[in-house]
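Student: I have a structure to go through with you, and I'd like to take it piece by piece. Let me put it up before I start asking.

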Amino acid sequence: MIHCVPAVLGPEELAAIRSGLQSASFVDGAGTAGWSAREVKRNLQVTQGAPEYEQIARIVREAFMRSGELQAALLPAMATSVLFNRYSQGMEYGPHVDTPVMGSMSNAIRSDIAITIFLSDPQSYDGGELTVFMNGISSQFKLEAGAAIAYPANTLHHVTPVTRGVRDAAIIWVQSQVRDPAKREVLWDMENAKHLTFKREGKSQAFDLISKSRANLIRMWAET
(Lines give C-alpha, C1' and ligand atoms only; values in the text may rest on other atoms or scores of the structure.)
Protein backbone atom coordinates (compact mmCIF):
# COMPACT_ATOMS: atom_id res chain seq x y z
CA MET A 1 0.00 0.00 0.00
CA ILE A 2 0.94 3.63 -0.49
CA HIS A 3 -0.30 6.16 2.08
CA CYS A 4 -0.29 9.90 1.46
CA VAL A 5 -0.94 11.88 4.64
CA PRO A 6 -1.36 15.67 4.51
CA ALA A 7 -0.06 18.14 7.09
CA VAL A 8 2.07 15.74 9.16
CA LEU A 9 4.19 18.83 9.88
CA GLY A 10 2.49 22.10 10.77
CA PRO A 11 3.54 25.57 9.54
CA GLU A 12 5.58 26.39 12.66
CA GLU A 13 7.38 23.05 12.50
CA LEU A 14 8.14 23.54 8.82
CA ALA A 15 9.51 27.00 9.54
CA ALA A 16 11.74 25.65 12.32
CA ILE A 17 13.07 22.86 10.11
CA ARG A 18 13.75 25.20 7.22
CA SER A 19 15.61 27.55 9.55
CA GLY A 20 17.70 24.64 10.81
CA LEU A 21 18.50 23.52 7.29
CA GLN A 22 19.87 26.98 6.47
CA SER A 23 22.65 26.56 9.03
CA ALA A 24 23.11 22.78 8.69
CA SER A 25 26.13 21.24 7.01
CA PHE A 26 25.57 18.93 4.06
CA VAL A 27 27.63 16.04 2.70
CA ASP A 28 27.49 13.92 -0.45
CA GLY A 29 24.47 11.62 -0.20
CA ALA A 30 26.26 8.79 -1.96
CA GLY A 31 28.05 8.07 1.31
CA THR A 32 24.99 6.28 2.72
CA ALA A 33 24.11 4.33 -0.43
CA GLY A 34 24.99 0.75 -1.29
CA TRP A 35 27.64 0.05 -3.88
CA SER A 36 25.17 -0.08 -6.80
CA ALA A 37 22.83 2.72 -5.66
CA ARG A 38 25.90 4.91 -5.25
CA GLU A 39 26.15 4.96 -9.05
CA VAL A 40 22.77 6.69 -9.42
CA LYS A 41 22.50 8.75 -6.22
CA ARG A 42 23.24 12.43 -6.69
CA ASN A 43 22.01 14.48 -3.74
CA LEU A 44 23.14 16.03 -0.47
CA GLN A 45 22.40 14.97 3.11
CA VAL A 46 22.53 16.80 6.42
CA THR A 47 25.41 15.68 8.63
CA GLN A 48 23.96 13.65 11.49
CA GLY A 49 24.96 14.35 15.06
CA ALA A 50 25.35 18.12 14.73
CA PRO A 51 23.22 20.33 17.01
CA GLU A 52 21.19 21.60 14.05
CA TYR A 53 20.44 18.03 13.02
CA GLU A 54 19.28 16.93 16.47
CA GLN A 55 16.84 19.82 16.74
CA ILE A 56 15.11 19.32 13.40
CA ALA A 57 15.22 15.52 13.62
CA ARG A 58 13.35 15.67 16.93
CA ILE A 59 10.60 17.74 15.29
CA VAL A 60 10.16 15.13 12.56
CA ARG A 61 10.22 12.18 14.96
CA GLU A 62 7.58 13.75 17.19
CA ALA A 63 5.37 14.55 14.20
CA PHE A 64 5.64 10.96 12.98
CA MET A 65 4.75 9.58 16.41
CA ARG A 66 1.65 11.76 16.81
CA SER A 67 0.26 10.99 13.32
CA GLY A 68 -2.61 8.64 14.07
CA GLU A 69 -2.96 7.64 10.44
CA LEU A 70 0.68 6.69 10.02
CA GLN A 71 0.71 4.79 13.32
CA ALA A 72 -2.48 2.86 12.48
CA ALA A 73 -1.51 2.11 8.90
CA LEU A 74 2.13 1.16 9.45
CA LEU A 75 2.04 -0.34 12.95
CA PRO A 76 5.67 0.68 13.54
CA ALA A 77 7.85 -1.37 15.86
CA MET A 78 11.10 0.50 15.22
CA ALA A 79 12.29 3.37 13.06
CA THR A 80 15.62 4.62 11.80
CA SER A 81 17.12 8.00 12.50
CA VAL A 82 15.72 10.78 10.36
CA LEU A 83 17.64 11.48 7.16
CA PHE A 84 17.41 14.93 5.56
CA ASN A 85 18.23 15.11 1.87
CA ARG A 86 18.48 17.95 -0.61
CA TYR A 87 18.23 17.94 -4.39
CA SER A 88 19.29 21.10 -6.16
CA GLN A 89 19.32 21.71 -9.90
CA GLY A 90 20.66 18.71 -11.82
CA MET A 91 20.44 16.28 -8.89
CA GLU A 92 18.44 13.04 -8.89
CA TYR A 93 18.34 9.54 -7.45
CA GLY A 94 18.00 6.84 -10.10
CA PRO A 95 16.02 3.60 -9.74
CA HIS A 96 17.00 1.66 -6.62
CA VAL A 97 15.70 -0.55 -3.83
CA ASP A 98 16.39 0.48 -0.25
CA THR A 99 18.79 -1.50 1.90
CA PRO A 100 16.75 -4.33 3.48
CA VAL A 101 18.37 -4.13 6.93
CA MET A 102 19.70 -0.84 8.23
CA GLY A 103 21.94 -0.14 11.21
CA SER A 104 24.43 -2.31 13.05
CA MET A 105 23.95 -5.65 14.80
CA SER A 106 22.96 -3.97 18.06
CA ASN A 107 20.28 -1.76 16.49
CA ALA A 108 19.44 -3.38 13.15
CA ILE A 109 16.08 -2.44 11.62
CA ARG A 110 14.33 -4.27 8.79
CA SER A 111 13.20 -1.59 6.33
CA ASP A 112 9.60 -2.59 5.59
CA ILE A 113 8.33 0.89 4.79
CA ALA A 114 9.95 4.13 3.63
CA ILE A 115 8.46 7.50 4.57
CA THR A 116 9.22 10.71 2.72
CA ILE A 117 8.07 13.98 4.32
CA PHE A 118 8.21 16.84 1.84
CA LEU A 119 9.73 20.05 3.21
CA SER A 120 9.74 22.32 0.12
CA ASP A 121 6.70 23.93 -1.44
CA PRO A 122 6.06 22.07 -4.73
CA GLN A 123 5.78 25.38 -6.61
CA SER A 124 9.33 26.29 -5.59
CA TYR A 125 11.03 23.59 -7.68
CA ASP A 126 10.54 21.69 -10.92
CA GLY A 127 11.12 17.95 -11.22
CA GLY A 128 11.99 16.03 -8.08
CA GLU A 129 8.97 13.72 -8.23
CA LEU A 130 9.15 10.55 -6.17
CA THR A 131 8.37 7.72 -8.59
CA VAL A 132 7.36 4.33 -7.18
CA PHE A 133 7.05 1.18 -9.31
CA MET A 134 4.43 -1.32 -8.10
CA ASN A 135 2.84 -4.19 -10.02
CA GLY A 136 4.21 -2.94 -13.32
CA ILE A 137 2.82 0.57 -12.82
CA SER A 138 4.80 3.69 -11.96
CA SER A 139 3.21 6.46 -9.89
CA GLN A 140 4.68 9.90 -9.31
CA PHE A 141 4.28 11.98 -6.16
CA LYS A 142 5.08 15.61 -5.44
CA LEU A 143 3.22 16.55 -2.28
CA GLU A 144 2.64 19.79 -0.42
CA ALA A 145 5.21 20.84 2.14
CA GLY A 146 4.55 19.01 5.42
CA ALA A 147 2.80 16.06 3.76
CA ALA A 148 4.15 12.52 4.00
CA ILE A 149 4.07 9.49 1.75
CA ALA A 150 4.69 5.98 3.09
CA TYR A 151 5.45 3.25 0.56
CA PRO A 152 6.96 -0.27 0.54
CA ALA A 153 10.74 -0.06 0.80
CA ASN A 154 11.11 -3.22 -1.31
CA THR A 155 9.86 -1.43 -4.43
CA LEU A 156 11.97 0.09 -7.16
CA HIS A 157 11.68 3.85 -6.81
CA HIS A 158 13.56 6.98 -7.83
CA VAL A 159 13.57 10.77 -7.60
CA THR A 160 13.42 12.49 -10.97
CA PRO A 161 15.99 15.20 -11.81
CA VAL A 162 15.37 18.62 -10.29
CA THR A 163 15.50 21.21 -13.05
CA ARG A 164 14.75 24.35 -11.00
CA GLY A 165 14.95 25.26 -7.35
CA VAL A 166 15.68 23.03 -4.36
CA ARG A 167 13.80 19.99 -3.07
CA ASP A 168 14.29 19.22 0.63
CA ALA A 169 12.78 16.19 2.33
CA ALA A 170 13.01 14.11 5.51
CA ILE A 171 13.20 10.31 5.24
CA ILE A 172 12.42 7.62 7.82
CA TRP A 173 12.43 3.84 7.42
CA VAL A 174 10.12 1.74 9.57
CA GLN A 175 10.08 -1.86 10.68
CA SER A 176 6.45 -2.83 11.16
CA GLN A 177 5.04 -5.06 13.88
CA VAL A 178 3.33 -6.91 11.00
CA ARG A 179 5.88 -7.84 8.36
CA ASP A 180 3.45 -8.96 5.62
CA PRO A 181 2.13 -5.94 3.66
CA ALA A 182 -1.02 -7.86 2.64
CA LYS A 183 -1.84 -8.39 6.31
CA ARG A 184 -1.18 -4.72 7.06
CA GLU A 185 -3.64 -3.82 4.32
CA VAL A 186 -6.32 -6.04 5.90
CA LEU A 187 -5.73 -4.36 9.26
CA TRP A 188 -5.86 -0.90 7.70
CA ASP A 189 -9.15 -1.73 5.95
CA MET A 190 -10.57 -2.90 9.27
CA GLU A 191 -9.39 0.29 10.97
CA ASN A 192 -11.26 2.32 8.36
CA ALA A 193 -14.31 0.08 8.76
CA LYS A 194 -14.23 0.80 12.51
CA HIS A 195 -14.31 4.54 11.90
CA LEU A 196 -17.06 4.33 9.29
CA THR A 197 -19.19 2.12 11.53
CA PHE A 198 -18.68 4.37 14.56
CA LYS A 199 -19.56 7.46 12.54
CA ARG A 200 -22.74 5.81 11.26
CA GLU A 201 -24.03 4.08 14.41
CA GLY A 202 -21.73 4.82 17.34
CA LYS A 203 -20.30 2.11 19.56
CA SER A 204 -22.63 -0.57 18.25
CA GLN A 205 -22.38 -4.35 18.30
CA ALA A 206 -20.95 -4.25 14.77
CA PHE A 207 -18.29 -1.75 15.82
CA ASP A 208 -17.30 -3.91 18.80
CA LEU A 209 -17.00 -7.03 16.63
CA ILE A 210 -14.80 -5.25 14.07
CA SER A 211 -12.64 -3.84 16.87
CA LYS A 212 -12.32 -7.26 18.48
CA SER A 213 -11.41 -8.95 15.20
CA ARG A 214 -8.77 -6.35 14.30
CA ALA A 215 -7.20 -6.53 17.75
CA ASN A 216 -7.08 -10.32 17.66
CA LEU A 217 -5.56 -10.35 14.17
CA ILE A 218 -2.81 -8.05 15.42
CA ARG A 219 -2.23 -10.51 18.28
CA MET A 220 -1.94 -13.32 15.74
CA TRP A 221 0.30 -11.52 13.27
CA ALA A 222 2.45 -9.16 15.33
CA GLU A 223 6.13 -10.01 15.76
CA THR A 224 7.35 -9.18 19.24
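Student: Which residue does Arg200 form a salt bridge with, and how far apart are the closest N and O atoms?

Tutor: Arg200 forms a salt bridge with Glu201, and the closest N and O atoms are 3.1 Å apart; the term stands for a side-chain nitrogen of Lys or Arg within 4 Å of a carboxyl oxygen of Asp or Glu. Please keep in mind that this is a predicted model, in which local features need pLDDT of at least 70 and side-chain atom pairs count only at pLDDT 80 or more, while totals for chains, interfaces and linings use all residues. Residues are numbered from 1 along each chain as its sequence is written, and side-chain values use heavy atoms, with hydrogens and water left out.

Student: Is Arg200 buried or exposed, and what about Glu201?

Tutor: Arg200 counts as exposed because its relative accessible area is 60%, whereas Glu201, at 37%, is partly exposed. The classes are buried for under 20% relative accessible area, exposed for over 50% and partly exposed in between, with a 1.4 Å probe and protein chains only.

Student: How many salt bridges does the structure hold?

Tutor: There are twelve salt bridges in the structure.

Student: Which residue pairs with Lys194 in a salt bridge, and where do the two lie?

Tutor: The partner of Lys194 is Glu191, with 3.7 Å between the closest N and O atoms. Both residues belong to helix H4 (residues 181–201), where they are three residues apart, about one turn of the helix. Helices here are DSSP runs of H or I with at least four residues, strands are runs of E with at least two, and the numbering goes from the N terminus. Lys194 is buried at 18% relative accessible area, and Glu191 is buried too, at 12%.

Student: Which residues are linked in a network of salt bridges?

Tutor: The network links Arg110, Asp112, Arg179 and Glu223. Within it, Asp112 and Arg110 form a salt bridge whose closest N and O atoms are 2.7 Å apart. Asp112 is buried, because its relative accessible area is 11%, and Arg110 is likewise buried, at 16%.

Student: New topic, the sheet. In what order do the five strands come?

Tutor: The five strands form an open sheet in the order E3-E7-E15-E12-E13, with antiparallel pairing. E3 and strand E13 (137–141) stand at the edges with a single partner strand each, so one side of each is left without a neighbour in the sheet. Two strands are taken to pair if DSSP finds at least two bridges between them.

Student: What stands opposite Lys41 in E7?

Tutor: Lys41 has Tyr93 opposite it in E7, and strand E3 (residues 41–42) pairs with E7 over two bridges in the antiparallel sense. E7 is also joined by two bridges to strand E15 (residues 156–159), again running antiparallel, and there Tyr93 has Val159 as its bridge partner. E12 and E15 are paired antiparallel over four bridges, with Val132 standing opposite His157 in E15.

Student: Where does Thr131 lie, and what is it in contact with?

Tutor: Thr131 lies in strand E12 (residues 130–134) and is buried, with a relative accessible area of 3%. Leaving aside neighbours within four places in sequence, the residues in contact with Thr131 include Ser138, Gln140, Leu156 and His158, where contact means heavy atoms within 4.5 Å.

Student: Last one, the whole chain. How many helices and strands are there?

Tutor: The protein chain has five helices and 17 strands. The radius of gyration is 18 Å, close to the 17 Å that the globule rule gives for 224 residues, so the chain is as compact as a globular protein of that length. That radius is taken over C-alpha atoms, and the rule is 2.2 Å times the number of residues to the power 0.38. The C-alpha atoms fill a box of roughly 55 × 35 × 35 Å along the principal axes, and 49% of the 224 residues count as buried. Of the contacts between residues at least 6 apart in sequence, 76% join residues at least 24 apart.
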